[in-house]
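I opened this notebook to record which side chains meet one another in the structure.

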Amino acid sequence: MSKVSWNYLLVLPAFFSGLLVLFSAASGSEIQRMPEPKSQATPNVENISSSIAAEQNQTQLTQSVEDVQVTKNTQTLANQIVPPQEKDQNGKQTSANQTNSMGQVTSVSELSDVQPTDWAFQALQSLVERYGCIAGYPSGDFRGNRALTRYEFAAGLNACLNRVNELIATSTESLATKEDLATLEKLREQFASELTTLRGRLDSLEVRNAEVEANQFSTTTKLVGDAIFIVADTFGDRPNSTAADDTQDTTQTFLGYRARLNFQTSFTGKDQLVTLITAGNNIPNLGSSSGTQMTRFAFDSDGRSDTYLSQLTYRFPLSSKATVWVGPRALQPAVFTPTLNAAVGGINGAVSRFATFNHTVYRPGFDGAGLAFGYKFSNQLQLSLGYIADNNQAPNPASRNGLFNGTHLALAQLTISPSRKLDIGLTYTRKYYIGNSGFNLTGGTGSTFARNPFEQNSTISNNFGLEFNWRASDRFTLGGWFGYTLANRNDTDEDATIINAALTFGFPDLFKKGNQGGFIVGVPPKVTSSDYRNRAGLLREDPDTSLHIEAFYTYRVNDNITITPDFYIITKPEHNGNNDPIWVGALRTTFTF
């Protein structure tokens with residue numbers, strides 16, 4: 001018998017019983033998989049960039065999804081059975097998994113889910129304690145009941161064969177039988193094609209990874225972005241009355257666009273600096289032509305068409321459960337607080353401003369500078385806190401214009417997730433506007449009376465919001481909100497009450513996987529009662545109730561292009577039954593990269 005064959009016979013007594021355990025698992029694909037971890041509602045990390053983060057399809061390798069999944073599972077199993085070997089500074093072989101929480105398993109008792117009563121206990125004990133052929137997962141378990149593919153088994157077999165070669169080189173193990181050696185050769189031949197395929201895929205992945213690293217934008221910064229083209233118009237009767245509560249629709253069909261570059265920089269791997277640059281933002285505010293702000297788009301620009309820095313925020317963790325946000329520009333509540341409206345909001349959702357989220361609590365009405373804090377008590381409970389000042393006033397040291405004594409917003413929200421499918425938000429926001437600030441209470445939506453119940457006098461408001469999102473199934477999501485505002489004219493006894501509400505219906509993968517349908521019906525912000533009278537002695541109360549009814553369908557052309565036809569109607573614009581309905585039609589094309 002040759003020396004090589006003799007060395008093989010020295011190391012195989014119990015090795016094959018362990019291989020048979022793995023082989024049984026490879027054949028048992030009908031075994032039930034372990035349950036998935038419970039998901040949770042998480043805050044949007046950016047405001048305008050939250051729509052990018054939520055909807056952005058990250059740049060992928062040309063390899064198919066199935067290939068990537070197979071490679072990932074295979075590498076995971078290979079690391080579990082025999083951790084990759086590295087050398088320390090002295091040239092000594094060390095395990096790369098030693099940096100994990102568990103490290104190399106030296107006793108089968110270290111595997112928390114392996115018991116002496118298990119039928120494969122002795123085989124696993126031999127593989128672990130005699131051959132060092134299993135490392136286990138960093139969580140301290142073996143996961144022996146999880147089904148594995150032939151590719152995963154091939155990877156494990158290959159790892160153990162490498163371990164056998166190491167043991168052969170030392171010639172320290174006892175004699176094995178010729179039957180064991182024959183079984184080993186049979187297994188090698190049976191999985192030869194899988195091993196060859198696996199080796200080729202890993203080589204291809206290494207080449208592609210090297211190409212990505214060589215051509216990456218930055219070692220610390222990822223660039224994502226979007227561009228929107230939209231053609232739209234409004235329709236309906238255009239009354240010629242000069243009464244203040246009549247709407248004048250003079251909108252003409254237009255074509256607008258907006259482009260954004262989002263630089264997401266991480267210095268530690270857990271933090272993120274968001275630098276958002278917006279250019280060509282000339283999508284008009286429809287309120288100026290239709291006569292009511294109720295027709296506005298979510299992404300309009302009030303006529304601004306230059307290039308400017310639209311967001312600068314920084315997020316970093318304080319602990320595993322606590323996160324801090326700080327930013328001198330556009331630190332909006334939607335950056336750090338779950339708005340619970342992903343089904344119909346965002347860059348590929350509805351186009352109207354009203355449909356985005358509950359504006360009375362989530363939109364301050366100005367670009368914000370300030371500080372926010374998030375704490376995750378558990379998967380079922382999160383706390384969001386934030387203080388935002390007008391970033392045009394925050395750097396101003398003059399009286400009633402500073403960070404803490406000028407126009408500002410303070411927010412607190414509890415996000416409750418009683419199940420994986422249901423999220424509930426309880427939100428409180430306090431807003432303060434100095435006189436003649438030019439800002440409004442409702443984020444640019446609702447009637448004129450609701451936006452400025454006391455005209456341009458100094459105003460304080462207490463805003464309460466209830467939001468929910470219920471993922472009833474993979475194909476249907478129900479959401480909505482109710483907002484209640486108590487506003488006070490500063491230093492007076494004059495009060496106003498404002499309400500708004502909406503129901504949203506989302507239909508993921510409608511007609512085709514990746515597409516999205518949605519329907520929204522609601523009441524834009526409305527003044528239900530007020531003590532304030534204008535110069536003519538009239539109370540600023542809305543006499544009737546408008547409805548916002550909107551439908552959209554987002555068709556995904558590919559991973560980077562979507563087309564969204566959208567249509568909505570405003571009944572009784574400005575909450576006034578004297579005004580005829582206004583219809584808004586839009587066709588949006590979104591490019592993401």
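**Entry 1: aromatic pairs.** I looked up the aromatic pairs and found that the structure holds 19. I counted rings of Phe, Tyr and Trp (its six-membered ring) as a pair if their centres lie within 6.5 Å; planes under 30 degrees apart are stacked, over 60 edge-to-face, and the rest tilted. The model is predicted, so I note that local features need pLDDT of at least 70 and side-chain atom pairs count only at pLDDT 80 or more, while totals for chains, interfaces and linings use all residues. Residues are numbered from 1 along each chain as its sequence is written, and side-chain values use heavy atoms, with hydrogens and water left out.

**Entry 2: F366 and Y433.** I found these two rings paired edge-to-face, with 6.3 Å from centre to centre and 80° between the planes. F366 lies in the loop between α11 and β8 (368-378) and Y433 in strand β11 (residues 422-433), so the pair ties together parts 67 residues apart in sequence. For helices (H or I, at least four residues) and strands (E, at least two) I used DSSP runs, numbered from the N terminus.

**Entry 3: Y375 and F377.** The ring centres of Y375 and F377 are 4.8 Å apart and their planes stand at 65°, so I list this pair as edge-to-face. Y375 is partly exposed at 26%, and F377 is partly exposed at 42%. I also noted one aromatic cluster, formed by F254, F297 and F299.

**Entry 4: salt bridges.** I took a salt bridge to be a side-chain nitrogen of Lys or Arg within 4 Å of a carboxyl oxygen of Asp or Glu. By this rule I count eight salt bridges. One of them joins D226 to R258, with the closest N and O atoms 3.4 Å apart. D226 sits in strand β3 (residues 221-235) and R258 in strand β4 (residues 254-265), 32 residues apart. Both D226 and R258 are buried. A network of salt bridges links D226, R258 and R260.

**Entry 5: D300.** Which residues does D300 meet in salt bridges? One is R296, with the closest N and O atoms 2.8 Å apart; another is R353, at 3.4 Å from N to O. D300 and R353 lie 53 residues apart. D300 is buried at 10%, R296 at 8% and R353 at 8%.

Conventions:
Buried < 20%, exposed > 50% of the residue type's maximum accessible area, 1.4 Å probe, protein only.
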